[in-house]
Amino acid sequence: MERLDKLLAATGRWSRREAKALVKAGRVRVAGVLPQGPEDKITPGTPVTVDGRLVDTESFTYLMLHKPAGVVSATEDAREKTVLDLIPPDLRRRGLFPVGRLDKDTEGLLLLTNDGALSHQLLSPARHVEKVYYVEVEGQLDQADQAAFRRGIILADGTVCRPAGLTVLEEASHGLVAIKEGKYHQVRRMLAARGKPVTYLKRLSMGPITLDPDLPPGAWRPLTRAELAHLRR
């Protein structure tokens, strides 16, 4: 349980001082009841309203973002636009960060959260969380490329990648790549090692979460309860 003023401040909409003032002014209700004071202990997720409007008081925030190309996967950058610049200020103030990274020129699914424990689980090499990418390359993907991916690609610097999946689509310059690790620029470097430079790359899924086809590049939405349940399992 958390103090009421702390939960209100954690939404990013008010400072701790402003939250206390709201409660003392009688503008806050908890499950429809006037609280005794800002120090009242509340279970995250309990219905809380301010001036009659429902406030999200969940402890953690989980967002699905369709990252566009040209934006960096960082919380701040002095020169580049970041993925957090695509999120409203009140959500940014909740301490969100990207779960892993997508290259600046790569688009697709990126999860944003302030839940460090869940982020660690998704990124831990021991968990082998699968990530699937749609790729377009120069040249034609073939069975030899698929066999090389199944064996494990050796990158130009000698780095050995774990066995991965490569599905060649109807147009042979297009494919799906499935990996269970996250080395720097891994998909691009794996295909470059096969002499098939990537011209377009988009992440479609991470573990059980698939990019919502209704989200255009730059758009976001909260994860559904079902999606969260899948992640936590």
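Which residues of helix α5 are buried? I started my notebook with that, working from a predicted model.

**Entry 1: helix α5**

I looked up α5, which runs over residues 143-151, and found Asp 145, Ala 147, Ala 148 and Phe 149 buried. An α-helix has 3.6 residues a turn, so residues three or four places apart point the same way. I kept that in mind while reading the list.

Next I asked what covers these buried residues. The cover includes β10 (165-168), β11 (174-179) and α6.

Then I checked both ends of the helix. At its start, a side-chain oxygen of Asp 142 comes to within 3.1 Å of the backbone nitrogen of Ala 144. After α5 comes Gly 152, and its phi is positive, near 115 degrees.

**Entry 2: the largest pocket**

I moved on to the largest pocket and noted a volume of about 620 Å³. Its lining is made of 31 residues, and those nearest the centre are Arg 101, Gly 182, Lys 183, Tyr 184 and His 185. The elements giving two or more residues to this lining are α4 (116-123), β9 (131-137), α6 (186-193) and β12 (198-206). I found that β12 gives the most, with three residues. Sorted by class, the lining has 13 nonpolar, eight polar and 10 charged residues.

**Entry 3: Arg 233**

Is Arg 233 buried or exposed? I found it exposed, because its relative accessible area is 70%, and over 50% counts as exposed. Arg 233 sits in the segment after α7 (225-232).

How values were computed: Residues numbered from 1 in each chain as written. Predicted model: local features only at pLDDT ≥ 70, side-chain atom pairs only at ≥ 80, totals over all residues. Heavy atoms only, no water. Helix = DSSP H or I, 4+ residues; strand = E, 2+ residues; numbered from the N terminus. Buried < 20%, exposed > 50% of the residue type's maximum accessible area, 1.4 Å probe, protein only. 1 Å grid on protein atoms, 1.4 Å probe; cavity = no way out; pocket = protein on both sides within 12 Å on 5 of 7 lines; lining within 4 Å. Points joined across faces, edges and corners; volume = space filled by probe spheres on them. Nonpolar A, V, L, I, M, F, W, Y, C, P; charged D, E, K, R; others polar. Contact = heavy atoms within 4.5 Å. Polar contact = N/O pair within 3.5 Å; in protein donor to acceptor, adjacent residues only side chain to side chain.
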